[in-house]
Amino acid sequence: MNVVVAEHSGVCYGVKRALDLAYDAAAQYDSIQTLGPLIHNPQVVQELAERGLGLAEDVSNIQARTVVIRSHGVTPEVLDALEEQKLEVIDATCPHVLRAQRAAHDLSAQGFTVLVVGEADHPEVQGLLAWGKRGGGTVYCVSSPSDLPSTLQEPLGIVVQTTQTRELLQSILDALDARGLNYELRDTICSATNERQKAAADLAQNVDAMVVVGGKNSSNTTHLADICAQYCNKVFHVEMPSELVKQDFEGIETVGLTAGASTPDSQINAVVDCLRSW
Ligand code: SF4
């Protein structure tokens, strides 16, 4: 069986950086926890736990002296609380997310009404909203054009969740244009997600089956599986090679493989090796 790996797949720059920082910290500190699961990948979270990097669900139940902030970033209130508790902080916030946080804060501090384009319950977006509010201005979360408040006052500033699609952003800009509203756009979309989605769609059109590797609780991995299913009628979303069933691949000549931004190379390689051995 021919196995083709998508041109863009697996851990992005920000997640790789967070993992490197976390593994180094686990080796260096005795008393250390991440604030929330470092990534949506149960095997990696388990491996980190085995290396002594525990998990605190929120600031109120931190028991360690050192805390790792994950790539999604945190609110300024959380940073304040960590400082108050005099904890050592290893900040693995992705630099792209930091840029979006600064944009939300600075636009708000300059008097703009800030529109954060993104999913309201996503931790990164909660951070962006809070950084915007810390700037002292009015901040709204907009997940679709219908979320735009009926009265909006210029000047308007727009900040975008790093993993949002350009299509959603454009639909919101179009709605603002239609209302004759001017805005300042800080385009904080990170290309990693779009690159993975486009590469998965391209590959899924040219293979007999697709395997998507990554956490079942990872929204970006699940989204990749959904995209593949639009182009290929055999899609398998697995976390580990043991979930693959050989009979499912009978008669298949070429299988494509992609992986979410929270799937390390070791997991991708294990699945590739398993498929190539059949
Ligand atoms: S998807 Fe982009 S913004 Fe998000 S962690 Fe990865 S590199 Fe950073």
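Helices (H or I, at least four residues) and strands (E, at least two) are DSSP runs, numbered from the N terminus. This is a predicted model, in which local features need pLDDT of at least 70, side-chain atom pairs count only at pLDDT 80 or more, and totals for chains, interfaces and linings use all residues. Residues are numbered from 1 along each chain as its sequence is written, and side-chain values use heavy atoms, with hydrogens and water left out.

## Cavity and pocket

Rolling a probe the size of a water molecule over the atoms shows where empty space is left. The search runs on a 1 Å grid over the protein atoms alone. A cavity is a set of points where a 1.4 Å probe fits but cannot get out. A pocket is an open set with protein on both sides within 12 Å along at least five of seven lines. Lining residues have an atom within 4 Å of a point. Grid points are joined across faces, edges and corners, and a volume is the space filled by probe spheres set on the points.

The structure holds one cavity of 30 Å³ or more. The volume of the largest cavity is about 50 Å³. Its lining consists of Thr-193, Arg-196, Gln-197, Asn-220, Leu-224 and Ala-261. H7 and H8 each supply at least two of the lining residues. H7 gives the most, with three. For residue classes, Ala, Val, Leu, Ile, Met, Phe, Trp, Tyr, Cys and Pro count as nonpolar, Asp, Glu, Lys and Arg as charged, and the others, Gly among them, as polar. On that scheme the cavity lining has two nonpolar, three polar and one charged residues.

The largest pocket holds about 700 Å³ of space. Its lining has 33 residues, and His-72, His-122, Thr-163, Thr-193 and Asn-220 lie nearest the pocket centre. Two or more lining residues come from each of helix H1 (13-28), helix H4 (95-109), helix H5 (123-134), helix H7 (191-204) and helix H8 (219-231). By class, the pocket lining has eleven nonpolar, 18 polar and four charged residues. Thr-193 and Asn-220 are on the list nearest the pocket centre, and both also line the largest cavity.

## Helix packing

Two packed helices are described by the angle between their axes and the distance between the axes. Axes are lines fitted to C-alpha atoms, for helices over the stretch in contact, and angles run from 0 to 180 degrees between N-to-C directions. A crossing is left-handed if the near helix is turned anticlockwise from the far one by less than a right angle, and right-handed if clockwise.

| Helix pair | Angle | Axis distance |
|---|---|---|
| H4 and H5 | about 30 degrees | 7 Å |
| H7 and H8 | about 30 degrees | 8 Å |
| H1 and H2 (residues 42-50) | about 20 degrees | 10 Å |

Angles under 35 degrees count as roughly parallel, over 145 as roughly antiparallel, 65 to 115 as roughly perpendicular and the rest as oblique. Contact means heavy atoms within 4.5 Å.

Take H7 and H8. Their angle is about 30 degrees, and they are therefore roughly parallel to each other. They cross in the right-handed sense. On the H7 side, Arg-196, Gln-197, Ala-200, Ala-201 and Ala-204 meet His-223, Leu-224, Ile-227, Cys-228 and Tyr-231 of H8. This contact has seven nonpolar, two polar and one charged residues. Arg-196, Gln-197 and Leu-224 take part in it, and they also line the largest cavity.

H4 and H5 pack at about 30 degrees. That makes H4 roughly parallel to H5. H4 passes H5 in a right-handed crossing. Val-97, Ala-100, Gln-101, Ala-104, His-105 and Ser-108 of H4 meet Glu-124, Leu-128, Trp-131, Gly-132 and Arg-134 of H5. The residues divide into five nonpolar, four polar and two charged.

H1 and H2 pack at about 20 degrees and are therefore roughly parallel to each other. Their crossing is left-handed. Leu-19, Ala-22 and Tyr-23 of H1 meet Val-44, Glu-47 and Leu-48 of H2. Here the count is five nonpolar, no polar and one charged.

## Backbone details

A cis peptide bond joins Glu-154 and Pro-155, with omega about 0 degrees. Pro-155 sits in the loop between strand S7 (139-142) and strand S8 (156-160). Lys-86 is not a glycine, yet has a positive phi of about 55 degrees. Lys-86 lies in the loop between helix H3 (76-84) and strand S5 (88-91).
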